[in-house]
Amino acid sequence: MEVDKGKGEAEETRKVAEADRDTVTLKSSDGKLFEVSKEAAARLSTVLAGMIAGGSIDDNGTDLKQIGSEALENVVDYCNKHANSIPSAALISSSISFNTAPFKEPEEWERKFVDRLSHDALFDLVEAANFLGMERLLDVTCHKISEMMKGKSPDQIREVFNIKNDYTKEELEEIRQELAWAFYDD
Amino acid sequence: MAALPRGGKRRRMQALQGQEPEAIRGSSLTELRPPPSMATEAAHPKSSGESPGPPPSPLGAGGVDHISGLPDAILGEIISLLPVKEAASTQALASRWRHLWRSAPLSIDGDDLPDEGEISRAGLISRILVTRRGPAARRFSVSALQLLLCSSAVGSWISSPALDKLQELEFQIGEMMRLHSPDLPLPDSTFRFSATLRLLTVSKCHIPQGNVEALHFPQLRELALESVRIPENSLQSIIAGSPILESLLLSRSSASIACGSTPREL
């Protein structure tokens, strides 16, 4: 359906056009519409893949009632970036390797993608990725959260994530003794 | 960190829209344009400052604990990405976290455990493994020295149900590099993980004839044999049985047809 617009766009733009040639429209809980590469959506999300295969995609916007517009925008942005970031050679084998990669280390661009998110947006994105069965995005976001925890004491982690310590002193002492090896010198 | 995103992203998307009006159809992006803060705040009412009490919505902001609301399986993933000490100590965060580590995918790097000698580490690993009731184990990496000093413990770890479906197994050569030790005893059941292993490192061992010939390693991507003696046909059959092998490291290892004749140093 896309016709060559012949404006001498950069290679990058052309790739975007190619990736978006076949798109699906998703609708957030608050009624906003987003366009996403069908290929990337099907490859990255088991739920969307199922909907695409099952023909339950609505041209006027497939309802995703559990996902707010900000999170869905990030999901769509991630899918489209993913579609554009894979070198074409890798794309051929990516359907296997991306989901089964032994190391879940994020790529540089994926790191940047999650680094720029606010705390709220990050967690909304985790939930959206979980809901949509996006294993790779879930790995990337979980990796980011674990990075936020790494090297911190329980007290510091509670502070970063607003976790309320609901243990009694006695319970906490019991855990510390049970896991004496795991604690820092505090 | 949080200041960057919106402007940058929006600019980029506008640029795309300008160049490819049909590729990204108007509706979505024009609707995005109105002040993002409005949409955000409607969806995520901010609890101002440190006002305590229950969050107005599970997606609230400010002093809200988002992380504890995630499903156990996701928290388990996050925990399993932490070094084992830190992973275990998440139990002290709050009662929500008390049982998560034990059922999170197991990931142990011996190097992350307190350095009070390999024997003390071995005792700790044994104690950790008996408490585990997690799903498929992710990673188990210990010094090959354990094979020398605590071979029976290693044998029981390897056959422990806590390591079922293990994906990454390493016996790291570490300080054994310089030791002229005899071949270490690799537990017989090491290859019970053949169906799930993605990474395998074996050091200072002899893999005898007949151990691996009939095995398939459908997931194996990285194999490292350091100072390992292995019959050449065994090595060949491991490689033949590993269709997606990407990386093979043979270091100071010898593959021999029999009894070390014509060793092939690599």
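1. A salt bridge here is a side-chain nitrogen of Lys or Arg within 4 Å of a carboxyl oxygen of Asp or Glu. Glu170(B) and Arg139(B) form one, with the closest N and O atoms 2.8 Å apart. The pair links distant parts of the chain: Glu170(B) sits in strand 3 and Arg139(B) in strand 2 of chain B, 31 residues apart. Salt bridges with shared partners join Asp109(B), Arg139(B), Glu168(B) and Glu170(B) into one network. Over all chains the count comes to 22 salt bridges.

2. On the source: this is a predicted model, in which local features need pLDDT of at least 70 and side-chain atom pairs count only at pLDDT 80 or more, while totals for chains, interfaces and linings use all residues. Residues are numbered from 1 along each chain as its sequence is written, chains are lettered from A and ligands numbered from 1 in the order in which they are written, and side-chain values use heavy atoms, with hydrogens and water left out.

3. Chain B has 10 helices and 9 strands. These are DSSP runs numbered from the N terminus (helices H or I, at least four residues; strands E, at least two). Of its 266 residues, 49% count as buried. Buried means under 20% relative accessible area, exposed over 50%, and partly exposed in between (1.4 Å probe, protein chains only). Glu170(B) is buried at 11% relative accessibility. Arg139(B) is buried too, at 17%.

4. Chain B is divided into domain 1 (70–104) and domain 2 (105–265); the bounds come from an automatic or database domain assignment. The contact takes 11 residues from domain 1 of chain B and 15 residues from domain 2 of chain B, where contact means heavy atoms within 4.5 Å. The two domains bury about 1,100 Å² between them, 54% of it on carbon and sulfur atoms. Buried area is the accessible area (1.4 Å probe) that two parts lose on being put together, summed over both.

5. What is the count of salt bridges between domain 1 of chain B and domain 2 of chain B? The count is 1 salt bridge. Separately, 5 residue pairs are in polar contact across this interface (both at pLDDT 80 or more). A polar contact is a pair of N or O atoms within 3.5 Å; within protein, one must be able to donate a hydrogen and the other to accept it, and residues adjacent in sequence count only if both atoms are side-chain atoms. On the domain 1 side, helix 4 (72–80), helix 5 (84–89) and helix 6 (100–103) of chain B each give two or more residues.

6. Glu118(B) forms a salt bridge with Arg121(B), the closest N and O atoms being 3.1 Å apart. The two are separated by about one helical turn because they lie 3 residues apart in helix 7 (residues 118–131) of chain B. Glu118(B) is buried at 11%, and Arg121(B) is buried at 8%. Glu118(B) is also touched by Ser143(B).

7. Ser143(B) lies in strand 2 (residues 139–143) of chain B. Its relative accessible area is 9%, so Ser143(B) is buried. Its side chain reaches the backbone nitrogen of Leu145(B) at 2.9 Å.

8. Ser194(B) is in the loop between strand 3 (168–172) and strand 4 (199–203) of chain B. Ser194(B) counts as buried at 10% relative accessibility. Its side chain reaches the backbone oxygen of His216(B) at 3.4 Å.

Conventions:
Lists of a residue's contacts leave out its neighbours within four places in sequence.
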